[in-house]
Amino acid sequence: MTHKRKYCMERLHKVRAKYTNSKIAVDEFTQPELSIDYDGKRDRWAGYDPSEHRAIVEEYQKIEEAKRQMRAQKLNAEEENDEQDSDKDKDKYVDEVDMPGTKVDSKQRITVRNLRIREDTARYLRNLDPNSTYYDPKTRSVRDNPYVGTDREVDYKGENFVRFSSDTQQHANAQLFAWEAHEKGVDVHLLAEPTKLELLKQEYDKKRDELKNKARDSIIDRYGGEEHLEALPKSLLLAQTEQYVEYSRYGKIIKGQDRQVIRSKYEKDVFPNNHTSVWSSHWQDGKWGYKCCFSFIKNSYCTGESGKKVVEAINNNNMQNKILYTSLKQKR
């Protein structure tokens, strides 16, 4: 007993158990008094049985063994399928796999980087004239020729020249033909089967030209008028084109294909009244004037070097008067 009768937390019986010899409670567990040092009190593995970890190790070993058996069964099944489908492996990557960028699909995002080599000249530095070809900073491209109007021989004539020169147009037409043929059920690929695509395109162009010429000849045989087909273009006969350009009363382009050249609204290099410099080219004593004659009156007539001498003489006289006035003031 670790406590007395009056401190017992259980329900007391009328007759004690030692007299009735029944309903005897279990002996209480007495905690042993341990004398542990500082490190022993803070030992996190105190009371742990290492044999309990063996059950965890055995469980993981069973899982690994099951995975190994499933992997072996899967490999055996693949080997059996490979033996049956050995003839299909040759065309596997040609017919079933799409090369990136060869078919139009709205679900795929195509990113094109327009970068340059560090040794190359930047496009916006090729022509520093502010009225030259427009440079698009977002795409880093100059579409038109930046050297238009100059006699300089260059190796760069804009993005449009590179895009529509050499075999670029032929490659674009071949790609378009491959897409159209694929939509109509013809299994052809630009990158995987370029020879097949080229032969199909040549055959298609030949048949198209034959049908076009046949229809043209049948119409001429029936209605005549072959002499009108050999006439010169209307642009040469009438000396006019369908290009429409509309200007405002100030000479600014409002509508049309021509691009408006951005200029300043102020007139440049205009010297009225015999002046050789523009207004506000000279500054003195808080006033603007002409540098050629030191005149501070706008739209005045230029007096040249004689006007400069007169202004300098007046300034010298004013300076002497100012010095004399200050000296007299100090004497007083």
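**Close-up views of a predicted model**

Tyrosine 204 counts as partly exposed, because its relative accessibility is 43% (buried is under 20% relative accessible area, exposed over 50%, partly exposed in between, with a 1.4 Å probe and protein chains only). This is a predicted model, where local features need pLDDT of at least 70, side-chain atom pairs count only at pLDDT 80 or more, and totals for chains, interfaces and linings use all residues. Residues are numbered from 1 along each chain as its sequence is written, and side-chain values use heavy atoms, leaving out hydrogens and water.

**View A. Phenylalanine 177 pairs with tyrosine 204.** Their ring centres lie 5.5 Å apart and their planes meet at 45 degrees, so the pair is tilted (centres within 6.5 Å make a pair of Phe, Tyr or Trp rings, using the six-membered ring of Trp; planes under 30 degrees apart are stacked, over 60 edge-to-face, the rest tilted). Phenylalanine 177 sits in helix α6, tyrosine 204 in helix α7, 27 residues apart (helices are DSSP runs of H or I, at least four residues; strands are runs of E, at least two; both are numbered from the N terminus). Phenylalanine 177 is buried, at 13% relative accessibility.

**View B. Tryptophan 279 and tyrosine 290 form an edge-to-face pair.** The centres are 5.1 Å apart, with 65 degrees between the planes. Tryptophan 279 lies in strand β3 (residues 279–284), and tyrosine 290 in strand β4 (residues 287–290). Tryptophan 279 is partly exposed at 25%. Tyrosine 290 is buried at 3%.

**View C. Helix α10 covers residues 304–331.** Its buried residues are Gly307, Lys308 and Val311.

Methods:
Expected span 1.5 Å × (residues − 1).
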